[in-house]
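Trainee: I would like to go through a protein contact with you, one question at a time. Could we look at it together?

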Amino acid sequence: MYQSFIGLEIHIQLLTQTKIFCGCRAAFGDEPNSNVCPVCMGYPGVLPALNQQAMHMAYLVAHALNCTLAPQTGFDRKNYFYPDLPKNYQISQFAAPLGTDGYLDVEFHRKKKRVRIHEVHLEEDAGKMIHAGDMSLLDYNRAGTPLLEIVTEPDMEIGEEAEMLLQQFRRLVRYLGVCDGNMEEGSLRCDANVSINRRGEGLGRKVEIKNMNSSRFVRKALNYEIARQQEILDRGGTVVQETRLWNENRDLTETMRVKESANDYRYFPEPDLPPFNADGAFLAAVEADLVELPAARKERFMRDYALSEPQADFLSDEKPLADYYEDAVLQGADPAAAAGWLAGDVRKMLNRYNTALTESPLSVQRFAGLLMLLAEGRIHGKIAKQTLEAIFTEDKEPELIIREKGWEQITDSARLQTYVDEVLAEQARVVEQINSGDARPLGFLVGQVMRRTSGRAEPQLVTALLKQSLGLEIVHVLSFGGAISGTRGDDGLIVPGDLRDLKDIIDQEVSTRIRFEEVQLGRFLSEEITPADWATLIDAVNTRLHTGDASGIVIAHGTDTLAYTASLLYWFFADSTVPIVLTASAVPWEPISERAQSGSEAVRNLRAAVERATSNVPGVHVVYGEQDLSPINLKFERIGAESPDLPGPFRNWNQSTPVYRGRPVVEGPLELDLAGLTERLERTIGSIYVAKIYPGMRGDALIALINAGVRYFILELFDTGTASLRETPFSLKQAFAYGAERGVRFFCTSQQEGIVDFSEYVTGHELWKEGAIPMGTLTTETVYTRLIASLIASDDESEVLRRMEEAL
Amino acid sequence: MESYWKSVLSAESSRAAYQSAVTARNQQLGAFLEFDPERGAAVSAEHCLEAVNRGQRAGDNPPDSALATVERLPFAVKDNIAVDTFSLTCGSRMLERFRSPYSATAVARLCAAGATVVGKTNMDEFGMGSATENSALAQTHNPFDRSRVAGGSSGGSAVAVAAGMVPFALGSDTGGSIRQPAAFCGVYGLKPTYGSVSRYGLVAYASSLEGIGVLASSVDLTEAVFQVMRGQDEMDHSSLATPAELVGASSVAQTGTRVGVLTGDLGLDDQVAAGYQRSIEVLQQLGYRFERVELPTLEYCVPAYYTIAAAEASANLARYNGVRYGLRPDYAENPEELVRAAREQGFGPEVKLRILLGTYVLRSGFQDQYYLRAQKIRTAIRNDLTRIFQSVDLLFMPVFPVQAFGHGAEGLSPFQQKLADRFTSTANLSGLPALALPMGLENGLPLGMQLMAPAFHEHRLFQVARVLEEELPPPVPPQYPPLWQSHTVPE
């Protein structure tokens with residue numbers, strides 16, 4: 001087993017108005033040699049005059065990186081000859097860098113790590129030499145641009161961590177407003193040192209890698225380099241200490257120069273610049289500019305505004321958006337609604353009109369105003385979207401738009417009640433039908449009231465008023481196959497059926513105010529479920545949640561696959577305000593049974609489910625007899641299925657208190673229709689493979705699966721996440737490497753009830769290095785459905801990963 | 001005299017006469033590398049005002065009398081100090097064709113006060129030398145004896161003043177480069193406190209040691225020029241304002257001033273030793289109290305000075321690579337070769353020697369032995385002088401162990417010249433102000449001594465110098481009488 005060590009040297013160009021030692025404009029992309037003067041051209045007799053703004057920004061970054069700030073700092077001359085370096089020495093910091101001993105926290109695949117910052121120092125940039133054919137041209141516009149160098153300790157192990165650190169650092173400097181972080185244009189540059197050694201033997205021989213002008217290339221170059229060095233050590237060779245260049249066209253590193261001895265830069269103190277004293281006033285000014293940093297802001301967003309991690313990530317990513325969001329909340333917008341709108345409809349509008357939020361007609365005031373109109377019930381969701389669109393097209397205040405267009409909805413319950421009363425009086429026959437137990441025509445009545453208000457009433461309010469007037473509670477019972485809806489044939493075998501009889505039985509036992517809306521979704525046994533069946537179920541639940549008349553939804557399901565369906569529904573509807581209750585029974589109701597009908601398991605479970613569905617406890621539930629279970633981490637263990645003394649066939653793994661409600665993976669209204677959802681589910685499930693690790697499992701089996709089109713593996717590992725990585729045909733190592741090259745992801749769960757975080761065993765750590773993603777406490781079934789939901793929710797690979805790794 | 005200089009450039013006729021007289025004298029003496037009063041007149045005063053306002057503190061605003069003194073005066077500038085559109089050769093082939101795109105702050109402040117640059121003076125290449133014999137561009141002769149050197153490196157400026165071509169000139173002093181030629185030519189030469197005059201526009205040789213100073217024909221003028229130039233400058237972050245408690249300190253004569261003199265064998269030749277003794281006697285007669293002081297670090301001055309100067313020079317001169325300006329070889333295979341050829345052809349042997357020396361002492365692993373040790377000596381010298389200035393107000397010392405020596409092999413070897421810098425380099429290592437003053441003639445050659453004072457106490461230097469000036473006015477070279485006496489040039 002090898003250990004790898006990665007350290008980064010990051011350079012950022014500070015966004016000062018002028019260069020670090022003269023008054024020239026510090027700008028990218030101007031006419032070559034247009035921003036130059038005798039000072040930055042190194043003319044005879046000129047002297048450097050330190051730009052205070054550069055020093056301020058430098059201390060700001062060092063502070064944000066938790067460095068010890070030097071009370072006195074100074075400059076040194078670093079001597080080397082190069083045509084793009086006007087003075088042939090660079091004014092830099094050597095003896096007393098302005099910041100030392102800092103850190104930046106990064107997290108990759110649930111592994112949190114503190115990367116130590118060795119030092120932060122300020123220096124001047126060189127010009128650019130451009131080689132054109134047999135000519136070399138020099139542009140000195142960049143010469144003298146303030147450059148801040150951040151040197152980390154070799155605390156990273158894999159390219160992904162370096163990529164993460166770089167992305168996080170980029171976000172940080174953009175937040176601080178000191179650098180635009182553009183790697184292509186070179187305002188953020190990164191070199192890396194990498195070495196490997198046998199575990200426990202300390203640092204190996206260092207190779208420096210240059211020319212990586214994106215964070216993606218940093219990852220690829222480092223992983224390439226680690227693999228290259230491993231191969232050398234495997235063959236018994238020694239790594240040559242050298243500088244290598246990343247070749248982005250060939251995806252490999254190449255020798256640039258072999259270092260025979262260290263360069264001698266003959267550092268000595270810069271006599272032209274006196275020491276800089278970071279006095280109280282200076283440090284206070286730095287402190288004042290230290291804005292809340294992205295990581296802290298994201299956490300605060302999650303804490304203060306109850307946002308999900310992807311939402312908080314999205315909002316805190318860029319400071320202007322985060323500021324906009326908070327400003328809107330401050331002006332009265334609901335935090336959750338504002339987050340949803342910004343990530344959804346507002347983003348769509350911005351894309352459509354190809355504009356930035358802060359430059360769009362949607363000022364913070366208008367945005368907050370729109371959401372407040374919605375919250376006050378003066379407009380409903382559909383009208384709100386139209387109003388948003390009108391703000392973009394007409395550039396007017398939302399208040400004015402709804403007044404001009406007459407979109408304001410009727411919120412006055414008393415006034416609406418008169419319409420409800422009128423409709424009820426008119427539709428006596430329909431009312432009769434409902435009172436006799438058939439709740440289906442309720443939707444018709446809602447439509448009647450809506451028509452009377454010309455669509456300006458809120459449908460949910462109308463429904464509520466109607467239900468109130470009729471004294472109704474409505475539970476939809478969805479029959480979704482399984483023994484609970486089945487029957488036992490004459491030959492003793494269980495065959496699929498429907499709930500009809502069962503419903504008749506319990507109908508008599510529950511409150512007369514409850515109306516059943518029973519829907520037959522399929523006649524099949526639980527083990528026969530197909531992606532199309534899931535699509536039907538999701539679509540049915542979605543429809544019922546949005547018509548708004550249900551007090552609760554009950555799903556009668558089979559036992560075999562209940563753990564899958566329950567968690568799948570959770571990832572779609574975890575934020576449902578209406579209780580969604582799944583139940584099952586091992587055996588069907590049997591009229592010929594000796595036992596009392598009402599005592600049969602099917603009847604008992606269904607009755608318990610209906611009670612739960614009318615309990616007003618929101619979220620997704622699994623009810624089995626006496627058991628109230630969480631839909632996630634549900635395990636069908638069948639322990640005690642036959643014995644009344646034991647708890648029951650189902651259990652939640654790794655869960656002290658059951659979780660019913662939370663953030664769904666698929667947020668907001670479902671935008672796919674049934675056909676679309678079916679197609680998407682089939683495609684998605686086709687790219688996933690669930691595999692259990694076992695002794696003697698061959699890695700090439702996984703390779704064959706990858707070749708057959710599998711993109712995502714859920715690997716059920718031993719205990720807290722171990723597997724064989726020895727160099728044998730039974731090792732997974734090759735398969736991981738093969739998969740990693742092809743962008744295949746490996747999500748890891750436990751065969752036991754272990755919490756998979758790769759923190760305990762060496763093989764676990766190696767798995768992490770190979771790119772396996774530990775899924776913590778989640779069970780295979782729950783991870784499988786979460787992956788399905790994540791893939792439905794987004795086409796973007798990084799977004800899918802983020803949803804998968806988001807803490808529960 | 002004053003009225004001559006104030007009007008010499010204003011009328012067409014007097015300017016022409018002046019120009020031809022200076023040109024004639026220059027042909028004999030080689031003081032100027034470029035002489036062009038018209039170009040100097042074109043350096044606009046308004047443009048220069050900007051430099052005056054660039055960070056100069058109120059306390060350093062020149063008194064009206066100083067402004068009045070320099071107004072309308074012509075002056076010469078050593079060719080390592082930038083004057084817009086003039087040459088800036090530094091006495092080197094490397095910059096032979098270079099013209100400065102800007103003016104030094106010190107020059108600009110003088111121009112803003114109404115003084116006019118008339119030309120640029122010869123010097124040892126990049127200030128490296130004590131005889132102006134290391135100039136790659138011209139030879140400069142001592143006006144008292146043309147077979148002798150003018151001293152250096154500000155030899156051209158000293159000659160221009162001594163031979164009456166200008167009333168004052170600017171020079172630079174890294175290890176004695178103003179005071180030694182001033183002593184050789186019999187004029188006043190001020191090396192101000194480090195940082196009191198902006199170095200912006202002074203081509204760097206040894207940044208931590210050097211500064212711009214004045215060579216002039218009278219104490220009043222020396223002081224006035226200094227007062228106009230001094231003060232903080234935003235373009236030079238090592239520049240300093242006069243400490244508040246010293247602002248406006250008077251240079252009026254005070255009784256009871258204590259003057260320190262060095263004891264022991266100072267290694268002076270007979271003439272200089274006798275001159276030093278005689279000078280002390282003169283001062284005693286004038287009522288100054290003398291105290292014998294020891295300067296135990298004196299013998300370490302020269303090695304420390306050359307180590308630091310060479311180290312800084314090796315970096316400061318690295319910019320001359322033929323890429324952006326300066327001498328460029330006609331052909332080079334690649335950038336490395338271009339740089340190598342430009343430096344090979346552009347630098348003289350003394351410059352190359354010091355660059356190599358400086359590179360050597362800065363190598364990693366050798367810094368403790370050389371560069372850092374030199375810095376320790378420098379600190380010790382500073383401490384020595386701080387101690388001495390607790391018991392005396394001024395220090396009185398020789399400038400150089402010998403008088404102006406002969407050209408070439410007749411004179412001192414380069415090594416002897418370096419050793420002889422011990423009296424002058426003390427002020428550079430410590431950053432203290434020092435003034436070389438003429439003490440009459442010895443064997444027909446000027447004899448110069450120097451006064452050194454604590455930092456920002458230039459007024460004490462002028463105070464004593466002014467008293468002495470009455471006793472021992474600066475000598476006039478017999479062949480070069482003042483121009484207002486004769487515009488004719490003797491053979």
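Predicted model: local features only at pLDDT ≥ 70, side-chain atom pairs only at ≥ 80, totals over all residues.

Trainee: How much area do chain A and chain B bury between them?

Mentor: Happy to start there! The contact takes 32 residues from chain A and 39 residues from chain B. Of the area they bury, 61% is on carbon and sulfur atoms. The total is about 2800 Å².

Trainee: Which three residues supply more of the area that chain A buries against chain B than any other three?

Mentor: Look for the trio that supplies 22% of the area on the chain A side. They are A:Pro44, A:Leu47 and A:Arg266.

Trainee: Which side chains meet in a salt bridge across the interface?

Mentor: The rule finds 1 salt bridge between the two chains, alongside a count of 15 residue pairs in polar contact. In the salt bridge, N and O lie 2.9 Å apart, within the 4 Å cut-off. The partners are B:Arg199 and A:Asp272.

Trainee: Why is one side of β5 and of β15 of chain A left without a neighbour in the sheet?

Mentor: Start with the order: three strands of chain A form an open, antiparallel sheet, β5-β4-β15. β4(A) and β15(A) pair over 2 bridges, and A:Arg77 stands opposite A:Phe268. β5 (89–92) and β15 stand at the edges, so each has a single partner strand.

Trainee: Which helix of chain B lies across β4, β5 and β15 of chain A?

Mentor: Nice one to finish on! Check the direction against β4(A): the helix runs at about 60° to that strand.

Notes
Residues numbered from 1 in each chain as written. Chains lettered and ligands numbered in written order. Heavy atoms only, no water. Contact = heavy atoms within 4.5 Å. Buried area = accessible area lost by both parts, 1.4 Å probe. Polar contact = N/O pair within 3.5 Å; in protein donor to acceptor, adjacent residues only side chain to side chain. Pairing = 2+ DSSP bridges. Helix = DSSP H or I, 4+ residues; strand = E, 2+ residues; numbered from the N terminus. Axes fitted to C-alpha atoms, helices over the stretch in contact; angles between N-to-C directions.
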